[in-house]
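The following account leads the reader through the structure shown here.

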Amino acid sequence: MPYKIVAEECTNCAACETECPNDAILEKKGTFIILAEKCTECVGHYDDAQCVEVCPIPDCVVIDERLPRYAA
Amino acid sequence: MQARIIPIFENKPAGGCGATGGGGKSSCGSAAGRGDLSPEVWEKVKNHPCYSEQAHHHFARMHVAVAPACNIQCHYCNRKYDCSNESRPGVVSEKLTPELAAKKVLAVAAEIPQLTVVGIAGPGDALANPEKTFKTFQLIQNSAPDIKLCLSTNGLALPDYVQTIQDFNVDHVTITINMVDPEVGERIYPWIFYKHKRWTGRDAAKILAERQMEGLEMLTSKGILVKVNSVMVPGVNDDHLVAVNQAVKSRGAFLHNIMPLISEPEHGTHYGLTGQRGPSAQELKALQDKCEGDMNLMRHCRQCRADAVGLLGEDRSQEFTTDKVAEMKVHYDAEARKAYQAFVEKEREDQEAAMKRELSGLAEDAGHANVLVAVATKGSGRINEHFGHAGEFQVFELTAAGAKFVGHRRVDHYCQGGYGEEETLETVISAINDCAAVFVAKIGLCPKKDLEQAGIEAVEEYAHQYIEQSLVAWFKGYLARLRSGDAVAVERGQGSLRQGAFVA
Ligand code: SF4
Ligand code: SF4
Ligand code: SF4
């Protein structure tokens, strides 16, 4: 559950949206957000978080410290 | 600086006019702007304004920005803004949905019958957004099947979509290829995203290079035209681009367009921020000459801003902003467009025939004379622009073979709001000071005198007539005047080039 998108950094390029295996990313009022309840940190799908890997902006997709890490 | 387009096949006979090998130089001296293209390729590209200067007079193209995502990172791109490779850096293009994009295309096509080509290019990569790209193509095809489609890509995803590209009848693909050697590539691309993984360094560059070559080969084997763009980065890939030229030539790409790196620090790109400079005009030209072997071709790429709309230097994109398009009622009239295109076809034949007629007797007179002249035009192949309103001058070379387009020079309008400015006139003169004459629809008395003092004859008598025919007619008279001593050939300047992207 714990990835989030830092809205000020996001360019709305939508690259992450198509890569997420859980359809956890969507556009809302012009910025992209991650639905925490759907995000599995890509566990069970890929070795690396797809949104982090594809995002062109450093430190734009980050761990959401307020939430517990995903446990399968 | 203008990019020059280099045809990268040689020794193909051009149009049965006794073309010889030797760097592919064609001996037809054709005014049709076809450079060294083979008849089949010419047939495909003749109405494409990006590939032929002559087509630029009659036809327009537009890009729609529906594909903002990208699957690689280039050091010359700041993704917070734009794909600097495909458009003017720092200018944020509007992002469109496929539905809005298709509507925009129809709105523009209804208003501007000259529109023949729609492309999907940066910001982003057309094939990193396959759903949006092909959805847009489909919508356009459904309502305007006469419009040609093209796309630009970095090539990483290309092999996966070659079949789809063919199914959609896309007839031109541009691939940006900056290297074939991963050692060079790792200094251009910090990473790629491929097979659900971020790759960096040499591995990333190796995958990218292999995918680009594979995609290029697949496209050309299906007969789809491929142009290759390369960004010249001094000290990184400048010498290496000769090898790139060889590699893409041997795989069947039909044009190679080498563009200078644009890297101002304020664009915030990696290169901009680390002080990587772009090439000088001389360096660019030296490299182009090394790749080219022959100068006889298309040199009209204006590095257009991606979202520009209109013909030659005109930008009507403000009439077609997202908000305005969303409101518009669009009436698409295929018949009117067909009629316009038939008219253009006829005009072009007339122009070519007129030039050929005019050529008779020239060869004996001209000998080895070689004269540059400038033309003010707003398109249609005619001398139809007022000197003071010209945003660019087209430069033609006059020789025994006739008139040949060799480039354009951008200038500020001399006449801003009705009065001329002395300073602008000076820069206009320095932009065309290598020319013996400037052809205009009209010119004021004062600028005419100043031009004369600078050794440039202002010619109004061919106003609204065909460019090439008029130039040849004038040339004959000029040669006669030289012989009789009424005119003298003078030492001329270099003609200064202006930096930056052009708007249309
Ligand atoms: S980490 Fe994986 S599952 Fe979570 S939002 Fe990113 S791509 Fe989707
Ligand atoms: S990839 Fe990054 S910049 Fe692009 S939409 Fe997703 S979070 Fe935003
Ligand atoms: S391919 Fe285009 S959008 Fe992608 S990083 Fe390179 S320049 Fe930018």
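**Cores, a helix pair and a ligand shell**

Leaving aside its neighbours within four places in sequence, B:I165 touches B:L127, B:F134, B:L151, B:L158, B:V170, B:V173, B:L219 and B:I224, where contact means heavy atoms within 4.5 Å. The model is predicted: local features need pLDDT of at least 70 and side-chain atom pairs count only at pLDDT 80 or more, while totals for chains, interfaces and linings use all residues. Residues are numbered from 1 along each chain as its sequence is written, chains are lettered from A and ligands numbered from 1 in the order in which they are written, and side-chain values use heavy atoms, with hydrogens and water left out.

B:I165 belongs to the largest nonpolar core, which has 53 residues; B:I147, B:I165 and B:L219 have the most contacts inside it. Such a core is a set of buried Ala, Val, Leu, Ile, Met, Phe, Trp, Tyr and Cys residues joined through side-chain atoms within 4.5 Å, buried being under 20% relative accessible area (1.4 Å probe, protein chains only). Helix α3(B) gives the most to this core, with seven residues. A second, separate core has 24 residues, among them B:M355, B:V371, B:V375 and B:A437.

The axes of α3 (residues 98–111) and α4 (residues 130–143), both of chain B, come within 9 Å and cross at roughly 40 degrees. Here helices are DSSP runs (H or I, at least four residues) numbered from the N terminus, and axes are lines fitted to C-alpha atoms over the stretch in contact, with angles from 0 to 180 degrees between N-to-C directions.

Ligand 1 is surrounded by 13 residues, of which A:C20, A:N22, A:C39, A:C42 and A:C51 are the closest; a surrounding residue has a heavy atom within 4 Å.

Notes
Helices (H or I, at least four residues) and strands (E, at least two) are DSSP runs, numbered from the N terminus. Buried means under 20% relative accessible area, exposed over 50%, partly exposed in between (1.4 Å probe, protein chains only).
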